[in-house]
Amino acid sequence: MTILEQFRLWLGGIWPDWAAYLVPGIVGIVLVLAFVVVSVIVFIWFERRLLGRFQIRLGPNRLGPEGIFQPIATALKILLKEDIVPAKADKVIHWLAPVIVFVPVLMIFAVVPLGQRAILTDLNVGIVYVVAVSSISAVGIYMAGWASNNKYALIAAFRTVAQMVSYELPVVLAILGVVLMAGSLSMTQIVESQSIPFLVLQPLGFVIFFLGTVAEMNRSPFDLLEADSEIVAGYHIEYSGMKFAMFYLGEYGHALAYSCIITTLFLAGWQGPFLPPIIWFLIKVFAVFSVIVWMRATLPRLRVDQLMSFAWKGLLPMAIINLFIIAAEMLWLPEISLWILVVINIVSAGVLVLLWSRLFSLGGGRVEV
Amino acid sequence: MTTALNGEQIARKINKASPGAVVAADKAAVVVTGESLFKVAKFLKNTPALDFNYLADLAAVDYTDYFEVVYHLVSLAHNHSLVLKTRCYDHDKPVVPSLTTLWRSADFMEREAYDLMGIVFDGHPNLKRLLLWEGFVGHPLRRDYL
Amino acid sequence: MVIKTEPFILNIGPQHPSTHGVFRMRVTLDGEVVVDIEPVIGYLHRGIEKMGENRTYTQIIPLTDRLDYLASLTNNLAYVLAVEKLAGITIPERAEYLRIIMAEAMRISSHLMAVGFFLNDLGAMMTPVLYMWREREKLLDLFEMVCGQRLTYNYMRIGGVSHDIPEEFLPALKKFVAEMPGFIDEYDQLLSQNEIVLARTKGVSILPRDTAINTAASGPVLRASGVKWDLRKADPYSIYDRFDFEVPVGKVGDNYDRYWVRMQEMRQSVRILEQAIAQLPSGVVWADVPQLLHPPVGEVYGHIESPRGELGFFLISDNSIAPYRFHIRPPTLINLTALKDMVVGWKVADLIITFGSIDVVLGEIDR
């Protein structure tokens, strides 16, 4: 029984049915959108400052105390820019692409549990909904690349298709491991079933899911879709003004969404002592995001064929083996103490990672022309 | 220390291999004719005692009566160097054989000499202008340009 | 049914974040694989060779600054050495040592920039650049102390250097030389064994030894391919024969070797700096050379080992105040002759990195 459902029941007593149906919905949507927009702005500021600290410099610190008005200035600047559409671009697809990239990101937040009963809708297939909706953005990126009538964007577009499609599989298999242990697809159930966070119980699943989602977000080291030094901003090379703002917000929205999903699935969501649940949730989301920024600041970029071989030859077999191990544990050792499972899983994760790092190397790749 | 080989001694060796090639020789450089340039260069590259496998520099000079192309050859193994020159007296259409098949480093340097000085290198795989744009008229480094 | 594919031509144009200047490449791609490449240059051509014919020998020195603007002092040095060889001038001892100190500090600064931007092309988001520029800023402060400039120094003169060093220079330089090996170790630790750097640069774009010699590659590009040829040892100029240093040579000639050779050369430059500071004599810094120099009739090819390769100046003098012919042998243009060999068969991403590892400066290519 989420807070919004309770609100609706109470309203049903005073107002007609259709009002009692609409008003909580609209209130909920407004609250979630407010959360998303404010968090994205805070994330932009946080990333730029943190990136600056990694690079032994300060980061933006002119606008407002410690630069907190910098993202607002950035947003204003982007919105005030002229909206240029290339002459030979496919106009409809060019206009539609940012929408298709940005809207699924917002839709993911419908099932993110921000607190004990604070979730917009408690779908009982929550996690499947998330996976389904998030893969629509890939189509949007491909549309952006194709419709720009620009060879750099086209290169980005066909890299996108390859990358997004190949990283979906390990991500879904890692999710399946979590679902098996939680026993349900609903997001609130997954959070509530974590007496020990799944980070400790399924370390291999966590690593696979984390790397897979970093690849899905197009963040370094998998950011060859917008590789600044090769294809000069990739798929959004011909976008300016509000459409570019949607891509930009979409990128940070993705980061926020996937950080929330990782927190929900692996870090026990809003659970924690003393502080209110929403604060714990935000702390964990920020921690995950910090690790993602850390990876961006320190690691160089992978090449596209290395990326693909990492997904298919590295992550996918490990994800399948991880799924088998979890399934075996759930089937034959259902009543055993969880801490023994922790030990078994950590040991098997270590063994698998060591084995793969010996057997599997990333280099090479000359093609006979 | 890279020893700069004595031009007169090398001129004697070249004359033994291809007689009549050397036009003039002094301590610093050897001047050969345009027709024999390729043969002499091949001889200098392939003789084991000389073994000039590194073409360090190619410069074109406009003395108003003639054009001169100066090659600086170096042997990495023996650590000695030689200056080879050739002249061509035709002012309107100077032609010099290209040495790109012997030393690929001549590729860009000959294109630049063609671009700025107007010397046509016969046998160059891709003799286009290098530094100036394709429709440019004239050869700026000549003494009579501007 | 066979799907029809066709290669497409991508123009990595003069304006691009990674072409290190205005360099254009017309690349024919088959999917992601490079099939053919044609470099197009000349966007920065200023006619320096023609300008040199109308200026006195001393007036050409600021022109040479603008050739390889990231290593200006070595350009100056090559030119004044050529003129001094032509005119038979000997210069005072203190000037020789000051020239060596400046040239080696310049080499460190240039390699820091080259390695930093090589890693930036790899995708490491400016972090290595900013770490290396922390040291480069110290070097630029040192240069500003002496020459008053941070980029185009115009410090060498025919007959010595332009003026003596101020008092605060030597202590600052000693401090820098003492801390630099620690910083190079820090970069090594962060970068040389990084899995992704190794995966992307080891074995990629190999330049075989014979091709390197045939295309007259020079500098780190040649040494990475296994040829031990460094003009400071093979044909010592100035007083390099008094210093004890090694020449790092790579094994394979891939991108990693070119990066590794530059890191090792920085260490060797620090060694030379330590020895030069210790041996620095006192005295005048400029031999009295007339303002309008009339060198005897003749020609000279003076070459040095600049951070990018063999930089040569070919001067012909006809006993007047300006040279008859002023020709520059640009190391980076000749190094680019082998670009097609190195890049064909690899992918677009590798093309950018290979180009970064050759370390071009457009001022030198286009003159």
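Student: In what sense do S7(C) and S8(C) pair, and over how many bridges?

Tutor: S7(C) and S8(C) pair in the antiparallel sense over 5 bridges, where two strands pair if DSSP finds at least two bridges between them. Helices (H or I, at least four residues) and strands (E, at least two) are DSSP runs, numbered from the N terminus. This is a predicted model, in which local features need pLDDT of at least 70 and side-chain atom pairs count only at pLDDT 80 or more, while totals for chains, interfaces and linings use all residues. Residues are numbered from 1 along each chain as its sequence is written, and chains are lettered from A and ligands numbered from 1 in the order in which they are written.

Student: What stands opposite C:Gly312?

Tutor: C:Gly312 stands opposite C:Arg329, which lies in S8(C).

Student: And which strands form the sheet, in what order?

Tutor: The open sheet of chain C has 3 strands in the order S6-S7-S8, with antiparallel pairing. Strand S6 (298-306) and S8 of chain C stand at the edges with a single partner strand each, so one side of each has no neighbour in the sheet. From one strand to the next, the twist averages 15 degrees.

Student: Which helix lies across S6 and S7 of chain C?

Tutor: That is helix H3 (residues 72-87) of chain C, which runs at about 150 degrees to S6(C); axes are lines fitted to C-alpha atoms, for helices over the stretch in contact, and angles run from 0 to 180 degrees between N-to-C directions.

Student: Switching to the interfaces, how many residues of chain C are in contact with chain B?

Tutor: On the chain C side 27 residues are in contact with 24 residues of chain B, two residues being in contact if their C-beta atoms, placed from the backbone, lie within 7 Å.

Student: Which element of chain C gives the largest share of that side?

Tutor: S7(C) does, with 4 residues. The residues on this side of chain C divide into 12 nonpolar, 8 polar and 7 charged, where Ala, Val, Leu, Ile, Met, Phe, Trp, Tyr, Cys and Pro count as nonpolar, Asp, Glu, Lys and Arg as charged, and the others, Gly among them, as polar.

Student: Where does chain A come in, and which chains share the most contacts?

Tutor: Of the 2 pairs of chains in contact, chains A and C share the most contacts, whereas no contact joins chain A and chain B, whose closest C-alpha atoms lie 21 Å apart.

Student: At what angle do H7 and H10 of chain A pack?

Tutor: Helix H7 (residues 151-182) and helix H10 (residues 203-216) of chain A pack at about 150 degrees, with their axes 8 Å apart.
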